[in-house]
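Have a look at the model first, then read on.

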Amino acid sequence: MNAYSQQLPDFQAQTIGELESIYFDDALGGFFSAIRPCTSYIDSKTAKVNNSLGRQTSAQWIRTAFHDFVTADVVSGVGGLDASIGFETLRPENAGVAFNDSLFFFSFFVNDRVSSEYPVTRKTSFDN
């Protein structure tokens, strides 16, 4: 934890510590192994690398983030990069396995301190 998070109340410090750990550590279930090399594909049915399907986990994460924010209605304040894609997988523009695969993988990083939009926004930044 950094000096700033050590001055916060316990819950906030724990939250910041967990977010930092998810972002910087690879010890939380091999997050980086899902996208290194970038040609890897983690099969959501087996939770193992399966490169025989012609899919890429890194590409799916980018697609998930894009489809999550592109349907935002800025005027009404609905949608955006908020993991609402999990409720929109039946829309015709969201066909395919990318969203459910990504959200399944991200679900292992969501808990009472880490909301569901964090993996969609932050994990995708690793693909760049």
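## Aromatic pairs

Rings of Phe, Tyr and Trp (its six-membered ring) pair up if their centres lie within 6.5 Å; planes under 30 degrees apart count as stacked, over 60 as edge-to-face, and the rest as tilted. This is a predicted model, and searching the whole structure turns up 3 aromatic pairs.

Take tryptophan 61 and phenylalanine 105: their ring centres sit 5.5 Å apart with the planes at 35 degrees, so the pair is tilted. It ties together distant parts of the chain, with tryptophan 61 in helix 3 and phenylalanine 105 in helix 4, 44 residues apart. Tryptophan 61 is buried at 1% relative accessible area, and phenylalanine 105 is buried too, at 13%.

Then there's phenylalanine 66 with phenylalanine 69, an edge-to-face pair at 5.4 Å centre to centre and 85 degrees between the planes. These two are 3 residues apart in helix 3, so about one helical turn separates them. Phenylalanine 66 is partly exposed at 40% relative accessible area, and phenylalanine 69 is partly exposed at 41%.

Trp61, Phe105 and Phe106 make up one aromatic cluster. They also belong to the largest nonpolar core, which has 10 residues, including Ala34, Ile42 and Phe109. Helix 4 (residues 98-106) supplies the largest share of this core, 4 residues.

Beyond its neighbours within four places in sequence, isoleucine 42 touches Ala34, Ala47, Lys48, Val49, Thr57 and Phe105.

## A loop residue

Asparagine 50 lies in the loop between strand 2 (48-49) and helix 3 (57-70). Its side chain makes a 2.5 Å polar contact with the side chain of serine 52. Neighbours within four places aside, asparagine 50 is in contact with Tyr41 and Asp43.

Definitions and conventions
Residues are numbered from 1 along each chain as its sequence is written. This is a predicted model: local features need pLDDT of at least 70, side-chain atom pairs count only at pLDDT 80 or more; totals for chains, interfaces and linings use all residues. Side-chain values use heavy atoms; hydrogens and water are left out. A polar contact is a pair of N or O atoms within 3.5 Å; within protein, one must be able to donate a hydrogen and the other to accept it, and residues adjacent in sequence count only if both atoms are side-chain atoms. Contact means heavy atoms within 4.5 Å. A nonpolar core is a set of buried Ala, Val, Leu, Ile, Met, Phe, Trp, Tyr and Cys residues joined through side-chain atoms within 4.5 Å. Buried means under 20% relative accessible area, exposed over 50%, partly exposed in between (1.4 Å probe, protein chains only).
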